[in-house]
Each structure stands twice: as C-alpha cells, then as structure tokens.
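Please look first at the sequence and the structure on the screen, and then I shall take you through them.

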There are 2 protein chains.
Amino acid sequence: MTHFRPVRLEHASRLINHGPTVLVTSLAGGRRNVMAAAWSMPVEFTPPRIAIVIDKHTFTRELATASGTFGVCIPGVAALDLAYAVGSMSGRDGDKFERFSIASIAGPVLGLPLIEHGCAAWLECRLIREQHTEDAYDTCFGEVVAAAADERVFTNGHWHLDDSNAALHTIHHLGGGNFVRASNTVQAKPLA
Amino acid sequence: MTHFRPVRLEHASRLINHGPTVLVTSLAGGRRNVMAAAWSMPVEFTPPRIAIVIDKHTFTRELATASGTFGVCIPGVAALDLAYAVGSMSGRDGDKFERFSIASIAGPVLGLPLIEHGCAAWLECRLIREQHTEDAYDTCFGEVVAAAADERVFTNGHWHLDDSNAALHTIHHLGGGNFVRASNTVQAKPLA
C-alpha cells in the first residue's frame with residue numbers, strides 16, 4: 001500500500017526548499033536511468049520551477065535532453081546507501097533499476113520512472129530548454145508538472161519531520177559518501 | 001578569537017554542497033545588507049561557482065548588481081533565529097546589521113561584510129553577469145574568490161559534524177520559519 005498522495009503544484013517547490021540530495025530519473029527511447037544529484041534548488045513557487053545541475057557527460061543528461069523531461073525523487077534515510085550507490089556508477093554500464101532491484105512506478109503526466117520505496121516525495125518535470133546555462137554551467141531548468149509525497153512526512157503543503165518518520169527524513173550529501181540527515185522540525189523564534 | 005581559517009578555493013563549493021540555508025551579504029555605495037536565501041547550489045567545483053536565487057525586487061539584488069559582488073555566510077544552529085529574522089524584513093527599512101547587532105568583518109578580497117559569529121563558513125563571490133537567467137529565474141551565478149570556515153566544523157576540505165559542534169551544524173529552511181538542522185555525519189555503506 002502506498003502512502004504517496006498528490007502534492008498541489010503550488011507546493012511542489014517546497015519539497016526541495018531545504019536542499020536535499022535527490023535522485024534524477026529519466027526515460028527515452030526505451031532506455032531509462034537514475035542518478036544522484038546533490039545540486040538542485042527551486043527557482044520559483046508559481047509556476048513551480050527548479051534548477052538542477054546534470055553534467056553534460058552523464059547518461060541522464062542524454063536521456064533528459066532527448067525526452068525533454070526528467071524526474072526528481074527525494075530519498076529518505078532508508079534510501080541513503082542506495083542514493084550513494086546510484087551516484088557511483090553510470091547507467092551506460094547497465095540498467096541501475098535492475099542492478100539494485102529498484103521498484104518504480106510510471107509518473108502520471110510524463111510516464112517517467114519514479115521511486116517511492118524509501119523515498120519521501122517525487123516530482124515530474126519538463127525540461128525548460130536554456131542552451132546557454134546548460135552548456136556553460138550544466139544547469140538545467142525544469143517546470144514541475146506533477147508531484148506527490150509520502151503523507152507520513154509531508155501533508156497540506158508542509159513537511160512534518162519528527163521521531164515517528166525518521167526513515168523518511170531527507171539526506172544531504174557532504175561529499176565522498178558522507179551525508180547529514182535532516183533533524184526533526186524546529187521553529188525559529190522571533191528576535192526582540 | 002576567531003576559529004575561522006581560509007578554505008582552499010577548490011573546496012569552496014563543498015561548503016554549500018548539502019543545501020544549507022545561507023545569508024547573502026552585500027555592499028555598494030556605502031549601503032550594506034544581509035538577507036536569508038534558501039535557494040542556492042554549487043554549479044562547479046573548479047573554478048568554484050555557485051547559483052543563488054535573489055529576487056529582483058530585493059535590496060540585496062540592487063546592491064549586488066551595483067557592486068558586481070555578494071557574500072554568502074552559512075549560519076549554524078546558533079544563528080537560526082537570526083537567519084529567520086533577517087529574512088523577514090527588508091534592508092530598505094533600515095540597516096539590519098545595526099537592528100540586530102550583527103558583528104561583521106570585511107572580506108579579504110572584495111571587502112564585503114561577512115558574519116562569523118554563529119556561522120560555520122563564508123564565501124566572497126563575484127557576480128557572473130547572466131542577464132537572461134537573472135531576469136527570467138532570479139537566478140544569479142557567482143564565482144567564489146575567497147572562502148573561510150570555522151575549523152571546529154570544516155577542516156582540510158571536509159565537514160566534520162558531530163556532537164562537539166552542534167551549534168555550528170547547518171540549518172535548512174522548510175518554509176514559514178520551520179527549519180531542520182543537519183545531523184552528525186553519517187557514512188553511506190556500499191550495496192552488495
């Protein structure tokens with residue numbers, strides 16, 4: 001039974017507001033891939049748009065450019081080892097979904113392979129072609145056209161991170177396979 | 001006594017690799033400002049380049065465009081309330097350094113105001129002018145020309161997050177004044 005529920009598009013950018021490391025999925029011409037990406041950020045709430053760095057030499061970039069689409073899955077602590085594993089080999093050397101026995105669903109709008117098991121949320125994105133920034137900075141812009149999140153950790157447009165859902169807290173890559181996990185939510189206090 | 005030590009430029013992008021919320025500082029024509037920004041990411045390690053979203057209506061954007069420079073300070077848990085406070089008012093309504101009694105130093109290369117107290121690291125950046133992405137996505141690119149970090153939390157190009165330096169663990173904004181803190185470092189394990 002899935003705990004994933006649709007996220008309204010005006011709330012989709014909040015899914016990556018806090019800088020989690022994500023998994024980028026892609027599909028074109030019958031080939032598919034998944035890679036890890038530490039470098040992504042929202043650039044707008046409405047319409048929901050994001051920027052993500054996808055190196056021009058990667059198989060993911062090839063597929064995303066060919067299809068004009070890419071998926072973003074947000075791994076939880078439960079998928080930490082998996083996130084590092086898929087970030088450490090190329091999809092040109094074999095299908096990583098098979099290699100690591102990763103279950104995927106087909107996205108509702110773009111049909112992209114999306115991962116729910118061990119993940120907190122996913123987004124389907126259309127690539128907004130920006131040739132210069134893609135070439136100069138490997139920075140790809142995308143518009144979110146569908147999103148969903150595990151209701152145990154994100155509901156009504158807000159993250160709820162506490163002891164009850166520690167396995168779905170987001171992970172944030174420091175480098176070299178070292179990560180930090182997101183803590184429970186803490187609220188800022190007004191300054192005098 | 002400061003615990004800040006220079007960070008080699010090839011390691012500078014690692015300071016924001018894990019998606020922390022940052023403080024953006026600026027200085028032009030004798031006016032200065034500091035604002036919070038949740039949306040930033042590295043785009044390259046060498047040369048160290050980053051992208052950051054700075055709304056075109058902000059005072060920070062006005063100063064950064066005028067000077068062609070901006071600073072990035074990385075608040076720790078100790079500066080969580082401050083980060084939210086400086087993100088909740090405009091520098092056009094008064095100098096936030098005075099308002100919140102924020103001590104700053106002058107950056108070594110660009111002379112930008114930089115905050116060390118309560119922060120884990122800082123970077124001085126030159127704005128790389130990209131008119132189209134600035135206009136269309138409020139996305140500003142910058143090249144890091146100087147960086148430093150508190151040696152208690154970042155040394156030899158690596159973050160070291162543990163119980164001994166919890167006040168300097170980075171903070172990550174979920175929205176509406178809700179944050180998560182970075183946990184102690186955890187290491188990914190190889191998958192079979």
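Predicted model: local features only at pLDDT ≥ 70, side-chain atom pairs only at ≥ 80, totals over all residues.

**Where the chains meet**

Two salt bridges are found across the interface of chain A and chain B. One salt bridge joins the side chains of Lys189(A) and Asp81(B), at 3.9 Å from N to O. As a general point, side chains of opposite charge can pair when their charged atoms come close. Polar contacts also cross this interface: there are 18 residue pairs of that kind, with both residues at pLDDT 80 or more.

Which elements of chain A give two or more residues to the side that touches chain B? Two helices are on the list, H2 (80-86) and H4 (131-137). The strands on the list are S4 (40-44), S5 (49-53), S10 (139-150), S13 (171-175), S14 (178-181) and S15 (186-187). Sorted by class, this side of chain A has 28 nonpolar, 17 polar and seven charged residues.

How many residues are in contact between the two chains? Chain A contributes 52 residues and chain B contributes 52 residues. The size of an interface is often given as the accessible area lost when the parts come together. Here, the area buried between chain A and chain B is about 4500 Å², and carbon and sulfur atoms give 59% of that area. Three residues stand out on the chain A side: Trp39(A), Tyr137(A) and Leu174(A) supply 17% of the area that chain A buries against chain B, more than any other three residues.

**How the copies are related**

What rotation superposes chain A on chain B? The rotation is 180°, with 0.0 Å of shift along its axis, and the RMSD is 0.0 Å. This is the relation of a two-fold axis. Within chain A, the C-alpha nearest the axis belongs to Gly19(A), at 1.9 Å from it. Moreover, 100% of the interface residues of chain A are also interface residues in chain B, so the copies meet through the same surface.

**Sheets that cross the interface**

Let me turn to the strands. In general, strands of a sheet pair through backbone hydrogen bonds, either parallel or antiparallel.

One open sheet has three strands in the order S13(A)-S14(A)-S15(B), with antiparallel pairing. S13 of chain A and S15 of chain B stand at its edges, each with a single partner strand, so one side of each is left without a neighbour in the sheet. Within chain A, S13(A) and S14(A) pair over four bridges in the antiparallel sense, and Ile171(A) is opposite Arg181(A) in S14(A). Between the chains, S14(A) is joined by two bridges to S15 (residues 186-187) of chain B, and these strands run antiparallel. There, Phe179(A) stands opposite Val186(B).

A further open sheet has the order S15(A)-S14(B)-S13(B), and the pairing is again antiparallel. Its edges are S15 of chain A and S13 (171-175) of chain B; each has a single partner strand, so one side of each lacks a neighbour in the sheet. S15(A) and S14(B) run antiparallel and are joined by two bridges, with Phe179(B) as the bridge partner of Val186(A). Within chain B, four bridges join S13(B) to S14 (residues 178-181) in the antiparallel sense. His172(B) is opposite Val180(B), and Ile171(B) is opposite Arg181(B). These two strands, S13(B) and S14(B), form a hairpin with two residues between them, where Gly176(B) in the turn has a positive phi of about 60°.

**Salt bridges over all chains, and backbone details**

Over all chains, the count comes to 22 salt bridges. One of them pairs Glu151(A) with Arg5(A), the closest N and O atoms being 3.3 Å apart. Glu151(A) is in the loop between S10 and S11 (154-155) of chain A, while Arg5(A) is in S1 (residues 4-6) of chain A, so this pair ties together parts that are 146 residues apart in sequence.

I close with the backbone. Most residues other than glycine have a negative phi, and most peptide bonds are trans. The peptide bond from Thr46(A) to Pro47(A), however, is cis, with omega near -5°, and Pro47(A) lies in the loop between S4 and S5 of chain A. In chain B, the bond from Thr46(B) to Pro47(B) is cis, with omega near 0°. Finally, Ser101(A), a residue other than glycine, has a positive phi near 50°; Ser101(A) is found in the loop between H3 (96-99) and S7 (105-106) of chain A.

Terms used. Residues numbered from 1 in each chain as written. Chains lettered and ligands numbered in written order. Heavy atoms only, no water. Contact = heavy atoms within 4.5 Å. Buried area = accessible area lost by both parts, 1.4 Å probe. Salt bridge = Lys/Arg side-chain N within 4 Å of Asp/Glu carboxyl O. Polar contact = N/O pair within 3.5 Å; in protein donor to acceptor, adjacent residues only side chain to side chain. Nonpolar A, V, L, I, M, F, W, Y, C, P; charged D, E, K, R; others polar. Pairing = 2+ DSSP bridges. Least-squares fit on C-alpha atoms with pLDDT ≥ 70 in both.
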